[in-house]
Structure formats: structure tokens, C-alpha cells
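Morning, everyone. Let me put the model up on the screen, and then I'll talk you through it.

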Amino acid sequence: MSHSFVAIDLETANRNTRSICQIGIVVYENGREVASEVVLVNPREPFESMNIRVHGIRDTHVADAACFPDLHAWLHAHLHDRIVLAHGNFDRGALRNACDHHILPAFACRWLDSVTIARRAWPHLKGEGGGHGLANLAKVFNLSFRHHDALEDARAAGTLTLRALEEQGWSLEDCFGRYTPKSKPAPTPPPSG
């Protein structure tokens, strides 16, 4: 089966999700990693101590890094018209918020959530440890990675998704069919109003 997608993960400087300070991208073609890249981003916003404790990135690390608008074309080259995988909705929302804040076009891509895929593939993990969180899944499947490093998180999400697809015999298109919420038609009001 053709499992081609781009896995992405972001880290932020503060509680505002537009404050992207690191981007990790891993490109998969036919179920194999073919490229990866990580960049630091200068969000031009203050770093909060909570975020620094999570990922270890400080303002001094990004002082000479490019800003989000300077990286928009690079991201577009990786994401446009692709299937993009992230572990949860955080990364998708952060990219949207950064684009909105900088008055840049959103990325035209199809999003898949590796959390949703993991929940369907391994429902028995729901109440176990960290459930379907990336750290717990990595522990359960003996996958070594450095959590909250954008490149390592993107790679872990991609690797775990490939494992789920293989074990379940799913294609990426199956995931869209099974996991994308279907809109329901509006209910017909009763004749009495």
C-alpha cells in the first residue's frame, strides 16, 4: 500500500499557539522515511517558563532564527496538496493561528490525526498509563525518542501511524473514511413546528 504523507510537530514559546519556536517535518513515501528537517523559529514573542520546561528552547536559541513568515514558503513546499499527519489537533491549530496572525494563506492539505488512528487501532490502551498520548504509545511499542523535540515527535507520530496501518491492514484513505466526522443533515422539524 502507498503510505505517503508528511508528519509535522511544533513547539511554541508561550501559551499563544501562534508563537511557534520549532518545526519538525518528516516526509514518508510508500511507508518509508525519505526526508526530515527541523528548524528553530523566532516567534518574536516572549518565552514562558512553562514552555521552556517542556521543550528546553529559550529566546537565546532562536535569536538568529528565521521568523514564521520567512518559513511560510518552505512549509508550503512540504505541505501543499499533501496528507499531513499530526498527533492531535494542536499543530494544525497552531499553523492556522500563525498564518492568520501574519496574514498569510493557510496551507491547502488534508489533515490526519495520529491520536485518532491510534485510538481506533489500539482501543485497549485507553485507560492504560498515558492512554494514546505520544509518550505512552512510544513506551508501549518500545520506541525510543526525545519527547517535545519537534523532529522526534513528528517521527514518532509517523512511525506509530505506519505501525497501526500495517497491523490493521488500512490505507491512508481508509483512515479518512473511518475517522473523518461525517456531517449529518439537519433534522426535519416536526409538522407542529
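Quick housekeeping. This is a predicted model, so local features need pLDDT of at least 70 and side-chain atom pairs count only at pLDDT 80 or more, while totals for chains, interfaces and linings use all residues. Residues are numbered from 1 along each chain as its sequence is written, and side-chain values use heavy atoms, with hydrogens and water left out.

Let's start with the rings. A pair of aromatic rings is described by the distance of the centres and the angle of the planes. Here, rings of Phe, Tyr and Trp (for Trp, the six-membered ring) pair if their centres lie within 6.5 Å; planes under 30 degrees apart are stacked, over 60 edge-to-face, and the rest tilted. How many aromatic pairs does that rule give? The count is 2. Phe5 and Tyr28 are stacked, because their ring centres are 4.7 Å apart and their planes sit at 25°. Phe5 is in strand 1 (residues 5–12) and Tyr28 in strand 2 (residues 20–29), so this pair links distant parts of the chain, 23 residues apart. When I say helix or strand, I mean DSSP runs numbered from the N terminus: H or I with at least four residues for helices, E with at least two for strands.

Are these two buried or exposed? Buried is under 20% relative accessible area, exposed is over 50%, and partly exposed is in between, using a 1.4 Å probe and protein chains only. Phe5 comes out at 1% and Tyr28 at 3%, so both count as buried.

The other pair is Trp122 and Phe141, with centres 4.5 Å apart and planes at 45°, so that one is tilted. Trp122 lies in the loop between helix 5 (114–121) and helix 6 (134–140), and Phe141 in the loop between helix 6 and helix 7 (150–168), so the pair ties together parts that are 19 residues apart in sequence. Trp122 and Phe141 are both buried.

One more ring: the charged end of Arg110 sits over Phe176, 3.8 Å from the ring centre. The test for that is NZ of Lys or CZ of Arg within 6 Å of the ring centre and within 35 degrees of the ring normal.

On to the cores. A nonpolar core is a set of buried Ala, Val, Leu, Ile, Met, Phe, Trp, Tyr and Cys residues joined through side-chain atoms within 4.5 Å. The largest has 29 residues, and those touching the most other members are Phe5, Ala7, Leu85, Leu112, Ile117, Trp122 and Leu137. Which elements supply at least two residues each? That would be strand 1, strand 2, strand 4 (83–86), helix 5, helix 6, helix 7 and helix 8 (172–179). Helix 7 gives the largest share, 8 residues. Apart from this core lies another, of 23 residues, including Ile8, Leu10, Phe68 and Leu71.

Now look at helix 5 and helix 7. Their axes come within 10 Å and cross at roughly 35°; the axes are lines fitted to C-alpha atoms over the stretch in contact, with angles from 0 to 180 degrees between N-to-C directions. Contact, by the way, is heavy atoms within 4.5 Å. Ser114, Ile117 and Ala121 of helix 5 meet Ala157, Thr161, Ala164 and Gln168 of helix 7.

Next, helix 3 (68–79). Its buried residues are Phe68, Leu71, His72, Trp74, Leu75, His78 and Leu79, and they pack against strand 1, strand 2, strand 3, strand 4 and helix 4 (90–101). After helix 3 comes Asp81, with a positive phi near 60°, although Asp81 is not a glycine. Asp81 counts as exposed, at 62% relative accessibility.

Asn30 also has a positive phi, near 50°. You'll find Asn30 in the loop between strand 2 and strand 3 (32–40), and it counts as exposed at 53% relative accessibility.

Last stop, Ala150, in helix 7. Ala150 is buried, with a relative accessible area of 0%.
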